[in-house]
Structure formats: structure tokens, C-alpha cells
Amino acid sequence: MKVSFEVPKKLLKKSRDFNDFDYFLDIFNCDCVYNFYKESLDLGRIVYLDNSLYERHSRNIDYDFEKFLELSESLKNDNLITIAPDFYNDAKATIDAVKNFKNLVNGKIMAVVHGKTIDEMLYCFLEFDKILDLGDIIGIPFCDSAFNFVTRNQFLKMVDPRHKIHILGLKYPDEIKDFDFSKIYSLDTSYPIISTLENSKVFESPTKPKTLMYDVFFKNLRIDSKLLEFNISEFKSYLK
């Protein structure tokens, strides 16, 4: 299984040493950040371009679809996977947005399932499994109301996907210990990195840090390299 830890700007280049692919949150786009991910693609690395729904929702940040589409097109590459526009708790709006996005983008996409209920989430998943191309990915988030009733691991047991599955972030730290990785292709999270920035070891607390990468991305941070190495190694030990 492939994993990518979201990192602050200061750790972008170092992250290639421990990340299996590079994760580009569009809210951080600027010349130096753009150039890093463009270089990653030129180096043959896989890059996921995220529309930053979680960060926008958490910090009340506007979304500019045309700007996002332009960013995706400028990075066009066989190793680029762009996350289509999506909407929390709204399967129909998300399905319609993915269908529209597929007609606008010539490249691989990730479609993220959404729904208020398990039935809505399953419907969304099955629709994506039908309409996506073979190289596309289905993403599983954690914020929708449906996941107040079942865990994501339980949800994955309900489906038999034709497409690769990506896990978007962690709902709580120990969630990583519950997954059946035989159905999961990739996962992204900032958890080990944010824990390091807060001078904490991973899994010491049952709850996630409250800090978002959005809050610290551009700051000149002091980073404990030994703690960083420990947290990454400890987290990866559960991915086997």
C-alpha cells in the first residue's frame, strides 16, 4: 500500500525520502510549491492533486473551480491524479460533479464518495465503479454522516471494487489499525507530521491533533528530526 504524509513547505523536498507519492493540496499553490510538484511529475513520481475540500470546509475557504481546473491542466501528466469536485453528505451533487469533471479533464481522476446514509454512500460508490475509467481511483473520506454509523473498514467490506481505493485522512489515530489493506491502494494523512510539530509521539492520544496543515504550512517551523523519524516509522509499522 502506498502512503503520503502531508508536510509543511519546509519539508517538501525531504518528504520524497519517506512518501510513496506526493500530495498537492491546491490551497497551498504558489510558485515554489507548484514547482516542487511539477518537478515530482518530471521525476516520474505520482502526484495527487486535491481540491482541499476538508481544509476549505474546516477553515471556511472559498473554492474557485476554474482556477482548480486550470491548475490541473497545467500539470497534465500520466502520473497526475486529480480529485474531482465533491460535496460532503451529498451523493447526487458529487456524482453530477464527477461526471462533469470527467468531460473536462483529459487524465486520471479520483472520485470521492459521499452520502448522509450508508445507502447513499453505497449508491455513490457503485455509480463511480461503473462510470470511472480503469486508471481512476475511488476515494473514501471520513467526515460524512454515513460514517457515524459504520467505520470505513466496515464500509469496504460491503463493496467489491473494480477500481483502486484511496483513504483520505484518518478519523482518529487508531483507525489505521483497523483497516484491511488488501482492498486499499493508497492513503494520505498529516497525522505523524502534525504530531511531530506538536512534540507528541503518534498514538499517545486517542484523538487527532487539532492543528491542520493549513495552519502551519508556510511557517518557519522547528522540527525535531528524531521525533519525525520515529513517528513516521511507528505509523508505517501498521501498514503491513
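Below is what I looked up, starting with the sheet and ending with single residues.

**Entry 1: the sheet**

First reminder to myself: this is a predicted model. I began with the strands. I remembered that strands of a sheet pair through backbone hydrogen bonds, either parallel or antiparallel. Which kind of pairing does the open sheet of 8 strands have? I found parallel pairing, and I wrote down the order as β1-β8-β7-β6-β5-β4-β3-β2. At the edges sit β1 (2-5) and β2, and each of them pairs on one side only.

**Entry 2**

How do the residues line up? I found F24 opposite L49 in β3. L49, in turn, stands opposite T82 in β4.

Which strands does α5 lie across? I noted that helix α5 (residues 91-104) lies across β4 and β5 (108-112), and that α5 runs at about 175 degrees to β5. I then checked α10, which lies across β1 and β8 (186-189) and runs at about 150 degrees to β1.

I picked T94, which is in helix α5. Is T94 buried or exposed? I put T94 down as buried because its relative accessibility is 0%, and the cut-off for buried is under 20%. Its side chain has two polar neighbours on the backbone that I wrote down. A polar atom of the T94 side chain lies 3.0 Å from the backbone nitrogen of F87, and there is also one 2.8 Å from the backbone oxygen of D90. Leaving out residues up to four places away in sequence, T94 touches P85, D86, F87, V112, H114 and F128.

K102 is in helix α5 too. I labelled K102 partly exposed because its relative accessible area is 23%, which falls between the 20% and 50% cut-offs. With residues up to four places away in sequence left out, K102 touches I109, I131, L132, D133 and D136. I looked at L132 in particular: K102 and L132 are 30 residues apart in sequence, yet 8.4 Å apart in space, C-alpha to C-alpha.

**Entry 3: aromatic rings**

How many aromatic pairs are there? My search of the whole structure turned up 20 aromatic pairs. One of them is F28 with F217, a stacked pair with 3.9 Å centre to centre and 0 degrees between the planes. This pair links distant parts of the chain, as the two residues are 189 residues apart. F28 is in the loop between β2 (22-25) and α2 (31-42), while F217 is in the loop between α9 (213-216) and α10 (225-236). Both F28 and F217 are buried.

I also found a cluster: ring pairs link F5, F18, Y191, F203, F235 and Y238.

Then I looked for charges over rings. The charged end of K164 sits over the ring of Y185, 4.2 Å from the ring centre. I noted K201 too, with its charged end over the ring of F230, 5.0 Å from the centre.

**Entry 4: positive phi**

Which residues have a positive phi although they are not glycines? I wrote down N60, with a phi of about 55 degrees, and F203, with about 70 degrees. N60 is in the loop between α3 (53-59) and α4 (65-74). I called N60 exposed because its relative accessible area is 71%, and exposed needs over 50%.

F203 lies in the loop between α8 (191-197) and α9. F203 counts as buried because its relative accessibility is 17%.

Technical notes
Residues are numbered from 1 along each chain as its sequence is written. This is a predicted model: local features need pLDDT of at least 70, side-chain atom pairs count only at pLDDT 80 or more; totals for chains, interfaces and linings use all residues. Side-chain values use heavy atoms; hydrogens and water are left out. Rings of Phe, Tyr and Trp (its six-membered ring) pair if their centres lie within 6.5 Å; planes under 30 degrees apart count as stacked, over 60 as edge-to-face and the rest as tilted. Helices (H or I, at least four residues) and strands (E, at least two) are DSSP runs, numbered from the N terminus. Buried means under 20% relative accessible area, exposed over 50%, partly exposed in between (1.4 Å probe, protein chains only). A charge sits over a ring if NZ of Lys or CZ of Arg is within 6 Å of the ring centre and within 35 degrees of the ring normal. Two strands pair if DSSP finds at least two bridges between them. Contact means heavy atoms within 4.5 Å. Axes are lines fitted to C-alpha atoms, for helices over the stretch in contact, and angles run from 0 to 180 degrees between N-to-C directions. A polar contact is a pair of N or O atoms within 3.5 Å; within protein, one must be able to donate a hydrogen and the other to accept it, and residues adjacent in sequence count only if both atoms are side-chain atoms.
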